[in-house]
Amino acid sequence: MKARSTFATAIVLSLLAAAVPAKAQVPLTEGIQIGLSTDNVSITAGFSGADLTIFGSLENPDPLVARQGRYDVIVVLEGPPKPVVVRRKDRVLGVWVNLDSETFENVPVSYSVATTRPLQDITEPNSYKQLSLGASNLYMQPADAGDSPATIEEFTAALRERKSATGLYSENVGGVQFLSQNLFRATVRLAPNVPVGTHKARAFLFKSGLFIKESSAQLEIRKSGFEQSIFRVAHNYSFLYGVFAISLAMLTGWLGRLIFRRD
């Protein structure tokens, strides 16, 4: 009986010993991290746009998946959210006037995307909708939810089209490049009219079409020099700035009349 008990104990210990290395061999979950070379960008009146480089790395990547090129990264630089009013102009008696309008809340002022491949080659459209990833998948929240869906959809499309036309919404296919199996570099475009404020850089990791993880960092864009002084005065002393602007316009008109008057 004692021999059987000893034999059974040995079997249990052997099974436990076999289970320990099996648990240690469980692969770690992949992750992603990004870093900015600077946490603030200063722009002047002569700013004509620039390319911002964002570096990142994969954590615990599967070497086989990396060699096969089945990791994809999408990097987004999203501007501060603000309310936006979209107006529709129609011709009335030969004059273009604003008739209808739609207000949207918390719309990113700018939205630049960089990808390893075309979006349609990375994952399914439903994944982008769930992640609200990509300019066409951003949810534009109308201030008046009682408007008809057709009207909201029409103004939403017009808003996206206008943002793209001004360069505030852009997409750079191939803008994310892997430097090694776990290091990558992303290039996103800063439009000439990029808004000041706190921008958010976000990186999305996909593995064989499946979303794995997200990482983010913040970037401050601000004016510098004389433009910054004017910007600060206009916001902190708006009334005095308005009086000064009107007075300057009147003075300029008066001087112009003196210079160009005909005797």
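Which residue stands opposite S57 in strand 11? In this structure, that position belongs to L183.

The model before you is predicted; local features need a pLDDT of at least 70, side-chain atom pairs count only at pLDDT 80 or more, and totals for chains, interfaces and linings use all residues. Residues are numbered from 1 along each chain as its sequence is written, and side-chain values use heavy atoms, with hydrogens and water left out.

Let me begin with confidence. The term pLDDT denotes the predictor's confidence in each residue, from 0 to 100. The chain has an average pLDDT of 80, and 77% of the residues score at least 70. Over residues 1–17, pLDDT stays under 50. For that stretch the model has zero contacts beyond four places in sequence, where contact means heavy atoms within 4.5 Å.

Next, the overall composition. The chain contains six helices and 13 strands. Both are DSSP runs numbered from the N terminus: helices are H or I with at least four residues, and strands are E with at least two. Among contacts in the chain with a separation of 6 or more, 73% are between residues 24 or more positions apart. Of the 263 residues, 30% count as buried; buried means under 20% relative accessible area, exposed means over 50%, and partly exposed lies in between, with a 1.4 Å probe and protein chains only.

I now turn to one sheet. Strands of a sheet pair through backbone hydrogen bonds, either parallel or antiparallel. Here, four strands form an open sheet in the order 1-3-11-10, with antiparallel pairing. Strand 1 (31–36) and strand 10 (176–178) each have a single partner strand, so one side of each is left without a neighbour in the sheet. On average, neighbouring strands of this sheet are turned by 25° against each other, direction ignored; the axes are lines fitted to C-alpha atoms, for helices over the stretch in contact, and angles run from 0 to 180 degrees between N-to-C directions.

Two strands count as paired if DSSP finds at least two bridges between them. Strand 1 and strand 3 pair over six bridges, and in strand 3 the bridge partner of G35 is F55. Strand 3 (residues 50–59) and strand 11 (residues 183–190) pair over eight bridges. In that pairing, D51 stands opposite R189, and S57 stands opposite L183.

Let us consider individual residues. The side chain of H199 reaches the backbone oxygen of P195 at 2.9 Å. Leaving aside neighbours within four places in sequence, H199 is in contact with several residues, including L77, E78, S110 and Q218.

Strand 5 (residues 81–92) holds R88, and R87 is also found in strand 5. R87 is exposed, with a relative accessible area of 53%, whereas R88 counts as partly exposed at 26%. R87 and S101 are 14 residues apart in sequence and 4.2 Å apart in space, C-alpha to C-alpha. R88 and A158 are 70 residues apart in sequence and 9.1 Å apart in space, again C-alpha to C-alpha.

Finally, the aromatic residues. One aromatic cluster is formed by Y128, F204, F206 and F211. Rings of Phe, Tyr and Trp (its six-membered ring) pair if their centres lie within 6.5 Å. By this rule the count is five aromatic pairs.

Definitions and conventions: A polar contact is a pair of N or O atoms within 3.5 Å; within protein, one must be able to donate a hydrogen and the other to accept it, and residues adjacent in sequence count only if both atoms are side-chain atoms. Rings of Phe, Tyr and Trp (its six-membered ring) pair if their centres lie within 6.5 Å; planes under 30 degrees apart count as stacked, over 60 as edge-to-face and the rest as tilted.
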